[in-house]
Amino acid sequence: MFNFCKEIEIIFNIIARYAQKESTPVYFVGGMVRDALMGQDIGDIDILVEGSAIDFVKGLKEACDNGFARINVHGAQNPLIDRFFIDIKSVHESFNTIKAQINGIEIDFASTREEDYPHSGCLPVVKNIGCPIRVDLKRRDFTINAIATRILMVDNTVKYELIDIYNGIEDIKQGKLRVLHDKSYNDDPTRVLRGLDFNLRFNFTFSNSDKNLIENFLKSPDRTGLSLDRVKLTLKKLFSSANRAKAAYENILLKKFYKIWCDEPEFKLEWVQRLVESAKIFNLPSEEIFLKVFFENLPANLNAAENSSNYEIYNLYKNLKTIDLALQYAIFDDKNPIFYYEKLKDIKPDLTGDDLLKQGYKQGKALGEALSRLLEEKLNSIPRS
Ligand code: ATP
Ligand code: MG
């Protein structure tokens, strides 16, 4: 059913054997199931333990330190495994999650849990850690991400058992994004943005009923308890691919997804091309530019006067951070920040202060002015292309 690489197969073999020994059901979930079913490369490996993930991983590590991985179920040496090394990276007690590196592969282990949203958009209240898998799956965003696959040992072989109570497999086939219940976008509006991400990555489209749910939610969003950090984190992921940033920005404006966090945006559709270009020109991660445009006060136009000399342009921009240069270009369609960034910013006068001192200048104002004049001359000799 799944075609994992040898390294992952070995890890799942050991996990399945330990899960059997401990009578603890263990699954992989979410994006990993979705991507594997779609034949895509899998991203993060998320393992879900029906019980305590921390106890499971610590127990597994201890067992492996005592040779568990090297001995197969019949007590013979397991020829597959010549080394099995677990390195615990971090432990999060309150959610009972644990990150480990197994044979160099990073794996997130979480305990099954329930989540409640007392207010729209707030961070969820976590409860019932170790709950049955079916209860855990209810907290998930889309049917396509609510498929769990149990990793089982049957007749000394790893078997995979799909748990698809929301018909996610059918929705993967149909390319549909469908939330699990009608309050879902209200509980967590970032699901709208996650849906947009899946739309742009895999061409999944919102089901008609999801379109209605989103439209209704956006008519009167309740932002009182909204976790802006969660919105930013979701947008950061959405915009981290420069290829998709343009379409993501256009969708957010045209479909009014910005209503998740604000009423009327100051950012404009016509900036999009330059915003995308500016990430390349100014060597910035595209998400940094877009998040700044979404959430921070926009800058005033520094537009240099016509006929400004290079030296004047240099002085106008020299104290700006690169991100602010990028915004001057993107928002005001002003090319001077590009000229400054590419041609002027690193220019130095041919002589240093020390050279001038050797020529007889004294420390003080005159020396500073002489250096400025040298810089001015040098800058003004740079051709405008
Ligand atoms: P990606 O390939 O982008 O990592 P993913 O679906 O794995 O996609 P993650 O952010 O890694 O996304 O989340 C893992 C799983 O956790 C999801 O598949 C989903 O089941 C669940 N999940 C993540 N974010 C939410 C959310 N905001 N609401 C509900 N469930 C979520
Ligand atoms: Mg993931």
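In the predicted model, a polar side-chain atom of Asp44 is placed 3.1 Å from an oxygen atom of ligand 1, a polar contact being a pair of N or O atoms within 3.5 Å. A polar backbone atom of Gly31 lies 3.2 Å from an oxygen atom of ligand 1, and a polar backbone atom of Asp141 is 3.1 Å from a nitrogen atom of the ligand. On its own, ligand 1 has 590 Å² of accessible area, of which the protein covers 82% (Shrake-Rupley method, 1.4 Å probe).

The shell around ligand 1 (residues with a heavy atom within 4 Å) holds 17 residues, of which Arg34, Asp188, Arg191, Arg201 and Lys237 come nearest. Helices H2 (31-37), H7 (190-202) and H9 (228-239) each give two or more residues to the shell, and H7 supplies the largest share, 5 residues. Helices are DSSP runs of H or I with at least four residues, numbered from the N terminus.

Residues are numbered from 1 along each chain as its sequence is written, and chains are lettered from A and ligands numbered from 1 in the order in which they are written. Local features need pLDDT of at least 70 and side-chain atom pairs count only at pLDDT 80 or more, whereas totals for chains, interfaces and linings use all residues; side-chain values use heavy atoms, with hydrogens and water left out.

Conventions:
Polar contact = N/O pair within 3.5 Å; in protein donor to acceptor, adjacent residues only side chain to side chain.
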